[in-house]
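Student: I would like to learn how to read features from a model. Can you take me through them in turn?

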Amino acid sequence: GALLVSERIDREELCGALSPCSLSFEIVVENPLELYSGAVEIQDINDNDPVFPSSQARLEISESVAAGARFPLESAQDPDVGINSLQTYQLSANPHFALDVQTRVDGSKYAELVLEKELDREEQQELHLVLTALDGGSPPRSAHVQIHIDVVDANDNTPVFNQSTYKASVTENTPSGTLVARISAYDLDDGPNGDIVYSFSSHTPAKVRELFALDSATGELRVKGQLDYEETKLYEIYLQAKDKGAVPGVAHCKVLVEVVDVNDNAPEVTVTSVYSPVPEDAAPGTVVALLSVTDLDSHDNGLILVQVSDVNDNAPKSSQDSYDVYVLENNVPGIPILDVSATDPDLGRNAHLSYTILQGDPTVGHLFSINQENGTLYLLTSLDHEDQVEFRMMVQVQDGGSLPLATNVSVSVFVTDLNDNAPTVLYPHPNTTATYTDVVAPGTPAGHMVTKVVAVDADAGYNAWISYTLLQATDPSLFSVGLHSGEIFTARQLREDDAPQHTLVILLKDHGEPVLSASATVTISVTEVVKEVLTDVAPTNDPRRHVTFYLILAVILVSAAFFITMLSVGIFKCYKWRQSKELFNSSRSTLYRTPGPFHHIDAVRGGFTPPNFYHQVYLTTDSRQSDLLCKKPFTSSPLGSRQSTMRNGEPGLYHQIVGTASRLPTPAE
């Protein structure tokens, strides 16, 4: 079970700049069969020195450059990682420059010269500095580069980039020549001093220069080599712009290029172990082979997917069970009013939804339509609130499975009111040739109601609230109108010198937006002789002129008939009560009544009995509380006896007996 090293391991060769560097493996243990995954991490040792691209660097700096200006220097490279990689830079002592060490996004270090004391060409025309790169090993390894600085005459203006950092993204395996970014700088000088040349800064590693190309005239950065996401995910590229002056000015910027992963690596299947032959009686679940699958791509591109076929086992589900939609009346036909939203967690056709309106009310099918694909509900015609206020329908959402599943959603459409109807005057009627004249007597006091303007508005709510104002009058001081009632009152007492006839124009307005109005004309006559006025103003051919008379006469006749009827019923009840009281007082000495003149008969002889036999039943005066006394045979003719009895009885009693003869009790009863 020992794991041995079979050859010399070079971490930089195996993993390059990746850290940590690990090698994965699998171990199979038999009897019982078990599989273990393992990894060996290759630890770095400080076996590489930092290396500068060249042993010397040359800079030209104008004596007019102010203190604080920065000048990037070439970076050293160290293939080691972690603490053994390049950690810092050191600069030889000098009176003008200091060193500022910066860290890139990938953790690598680079250095910039910072001018602390301004240069003077007359004092010193050139400077010699030494830049040292140190790693973090123990002991540390180092590298040196000689920096030669030429102090040149002043250049009025230097190039300026429009931004200090550019960001771009490009997919791996992008063809050579693909544009990545375009940098831009400007220089205010004229002529050669204003012409700009773009180039890679000394910060940029040699590897980056192999992968990207920069157009010195346009500043276009394009792909040059083969980008691989699995090798490097982000590139930090340093660029500079120089003018063409005798003493060129320099500006610097940075471009961050993100490499986007594509699925360019096929899964690798490794057969770890195969058990062959397999016994014919091997039980289900017996291991036949061990396989391992790897993919160098990242995220979803690196997964191995097991496809699970879908079954239509989910009905569509709406975001809500019912919808309430409010639509203004007088709408434009064909407008969308609702989006019915539903989802189905199934896949493919099983998740493809279609929307239909279930045919219930045939009116709905003519007014509304729904898009079967996206569930948008359309209104096909213009609606009128006064015609119908509410529409209800059921929308069915169905999936596309072989055995489709569906769900129903209730939709209620409410038509909201617009102020599209002006008030309508009912009295006085505006569309008739007849003249309605209201009469008021002279001397009528103030506050007397003369007449009322009656109007309606077909709109609803606030739009139907009517207000009445006096627009025009023969005498504006004589009459007033109720703002909300339409009642016309005398504003003061009528005088003898008032005009005999007044014409009022009443303005009726609703409270909608915009306000709609109508007007009514009321004629009021001031006279004592009401009959003559009515005769004058009512046309002779008007069939309605006697309606009031007939109505009053009918009310009087009905009232009189009702009074007479109630009086008669009361007298009759009183008479019957006194009669029964007298009979009760006369029979208090005996318990039962004897035969004689009948005042009340409860039963008589029934039919189908022998001719010489009939029954006679006697009850107390309060027959509702008495019991049956006897049944007594008579030898005399029952018919004659009954006739004699009826002759001696009350006149109305005969009719009562004859009327009940058809339902007399039988002898058995």
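Tutor: Start with burial. Buried means under 20% relative accessible area, exposed over 50%, and partly exposed in between, using a 1.4 Å probe and protein chains only. Threonine 132 has a relative accessible area of 11%, so threonine 132 is buried. Threonine 132 sits in strand β8, residues 126-135. Strands (E, at least two residues) and helices (H or I, at least four) are DSSP runs, numbered from the N terminus.

Student: What kind of model is this, and how are residues numbered?

Tutor: This is a predicted model: local features need pLDDT of at least 70, side-chain atom pairs count only at pLDDT 80 or more, and totals for chains, interfaces and linings use all residues. Residues are numbered from 1 along each chain as its sequence is written, and side-chain values use heavy atoms, with hydrogens and water left out.

Student: With which side chain does threonine 132 make a polar contact?

Tutor: A polar contact is a pair of N or O atoms within 3.5 Å; within protein, one must be able to donate a hydrogen and the other to accept it, and residues adjacent in sequence count only if both atoms are side-chain atoms. Here the partner of the threonine 132 side chain is the side chain of histidine 144, at 2.9 Å.

Student: Which peptide bonds are cis?

Tutor: Look for omega near 0°. The bond from serine 19 to proline 20 is cis, and proline 20 lies in the loop between α1 and β1 (21-29). The bond from serine 138 to proline 139 is cis, with omega near 0°. Proline 139 belongs to the loop between β8 and β9 (142-152).

Student: Where is asparagine 173, and what is its phi?

Tutor: Asparagine 173 is in the loop between β11 (165-171) and β12 (179-182). Its phi is positive, about 65°, although asparagine 173 is not a glycine. Asparagine 173 is partly exposed, at 32% relative accessible area. Asparagine 330 has a positive phi near 60°. Its loop runs between β22 (322-328) and β23 (335-339). At 41% relative accessibility, asparagine 330 is partly exposed.

Student: In what order do the strands β31, β38, β37 and β34 stand in their sheet?

Tutor: Two strands pair if DSSP finds at least two bridges between them. The four strands form an open sheet in the order β31-β38-β37-β34, with mixed pairing. β31 (437-440) and β34 (467-473) are at the edges, each with a single partner strand, so one side of each has no neighbour in the sheet. β34 pairs with β37 (residues 501-509) in the antiparallel sense, over six bridges. Serine 467 stands opposite lysine 509 in β37.
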